Amino acid sequence: MTTPTPERADFVVVANRLPVDRAENGEWRRSPGGLVTALEPMMRRADGAWVGWPGQADLEVEPFEFEGTHLVPIVLSAEDVELYYEGFSNDTIWPLYHDVIAAPRYSRVWWESYVRVNQRFAEAAAEVAAEGATIWVQDYQLQLVPKMLRELRPDVTIGYFHHIPFPAYGLYSQLPWRRQVLEGLLGADVIGFQRVADAGNFARAVRRQLRYDTKASGISVPMGDGRTRIALAKAFPISIDAESYAELARSPEVQARAREIREGLGNPRKILLGVDRLDYTKGIRHRMKAFGELLTDHKVDASDVTLVQVASPSRERVVAYAQLRDEIELTVGRINGTFDTMGHTAIRYLHHGYPREEMVALFLAADVMLVTALRDGMNLVAKEYVASRIDNRGVLVLSEFAGAADELGSALLINPHDIVGLKDTIMRAIEMPGAEQGRRMRSLRRRVFEHDVEAWSQSFVAALDAARRRDRGPGPREVAPA
Ligand code: G6P
């Protein structure tokens, strides 16, 4: 379907990545992420545009229409990818904001590239936005864009959503460019975080570094002319398109595939499952350590219990990721070498990404879902597992260091650093009676279906519309949800 190319858009999303991937034959496919699904209705209603990187170095593409959205590709050179994306975004900000699980590297050359690339995104967004438009900036790769946009386009309303944690002040203050980043974010009218604690950490950093006043969720930002404006910084926990997971789980093909997966593993009594990007924040090693010890202690047997670990490839050129992959693969090899039998494997390790249908089949096949992140903004996999369990069965073991723990209190919450506690909880999950599984899963499902991704985007955009009305009077073409 083609729609007329909007000259200027009333609603603009700016994210590091475009919501599409380019296949080998050059065709564009919608990428699987939930953000795309969440924003699609708003994009259609409001002549939406999406500014982002198409995911490959030096790829130059003209703006184009895709399923009702105007896409504006940003070119990143091989050097930009190395310095801005792999360097500053994923080797400085990512580890620093995830509590320094890996050591952040502070490079002035990376920072300069981050500033330049953020400016490029801001200019592209400023160019495509209509008079009085709403611009919604996404995530840590683009923290300077809100302020840059405000300078370029004082008429627009600016939102920013931070998908990853915001660290405690004692860690944040390591950042050599800590003031510039805070000022960059404060260019937004509404700054959204996953957890109340993240918003609190941000407000504290602003008080300590910039000496601005904060009151409840409002931060008074000086405008340079003696006046101040209020930026709202608060939690808007992100979610998933829960119904689409349930719908897949109801499909006979997906259910047949779930049975096939169990059979392929030799019909073990229990299947444990981990699904993560291969990232050091996810606690994959801690999970394997606990499982390996349970095998050694003869608490579980490989012919009886199998751990399936899907670890999708991620940021492979960043050294910390390459090292993590080596460590995990060594661990899997050792555990399997020791405990596999001819007919059964202890750990089925898969270094691939899979389509959503296959993931839902895996969720249905898994008796226990292990989310053992050491730090995670939200962890949508936990919510995907819950949404897929239309049978009200299965046990979610969830790290208290994942944002999802604030909402999913009926899961078995764990501290992944406490290996003894983790082992005990895995055993409890394996042995949990059906009635208790049902009670817990029903309560988890209520939460995930009531707070789905549409509710998330609607509440964020409603906060933005309120900010606009407060500062500028009602906009000519408000994008409030229908
Ligand atoms: C996290 C971040 C996203 C990012 C995704 C995949 O969820 O919050 O901003 O897009 O990881 O990482 P990648 O580096 O491949 O975009």
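Two residues are in contact when heavy atoms lie within 4.5 Å. The structure is a predicted model, in which local features need pLDDT of at least 70 and side-chain atom pairs count only at pLDDT 80 or more, while totals for chains, interfaces and linings use all residues. Residues are numbered from 1 along each chain as its sequence is written, and side-chain values use heavy atoms, without hydrogens and water.

**View 1. Surroundings of valine 51.** Apart from neighbours within four places in sequence, Val51 is in contact with Val12, Val13, Val14, Ala15, Leu18, Val72, Ile74, Phe121, Ala124, Ala125 and Val128.

**View 2. The largest nonpolar core.** This core (buried Ala, Val, Leu, Ile, Met, Phe, Trp, Tyr and Cys residues joined through side-chain atoms within 4.5 Å; buried means under 20% relative accessible area with a 1.4 Å probe, protein chains only) has 101 residues, of which Val12, Val51, Phe121, Leu186 and Phe202 touch the most other members. Helix α3 (residues 108-128) supplies the largest share, 10 residues; helices are DSSP runs of H or I with at least four residues, numbered from the N terminus. At least three core residues come from each of domain 1 (9-238 + 454-472) and domain 2 (242-449), with bounds from an automatic or database domain assignment.

**View 3. A second core.** Phe66, Leu265, Val275 and Val461 are among the members of a separate core of 70 residues.

**View 4. The ligand site.** Residues around the ligand (a heavy atom within 4 Å) are Arg17, Tyr85, Asp139, Tyr140, Gln141, His163, Ile164, Arg277 and Arg315. An oxygen atom of the ligand lies 2.5 Å from a side-chain N or O atom of Tyr85. For Arg17, the distance from a polar side-chain atom to a ligand oxygen atom is 2.7 Å. The protein buries 70% of the 370 Å² that the ligand exposes when taken alone, with areas from the Shrake-Rupley method and a 1.4 Å probe.

Note on methods: Buried means under 20% relative accessible area, exposed over 50%, partly exposed in between (1.4 Å probe, protein chains only). Helices (H or I, at least four residues) and strands (E, at least two) are DSSP runs, numbered from the N terminus. A polar contact is a pair of N or O atoms within 3.5 Å; within protein, one must be able to donate a hydrogen and the other to accept it, and residues adjacent in sequence count only if both atoms are side-chain atoms.
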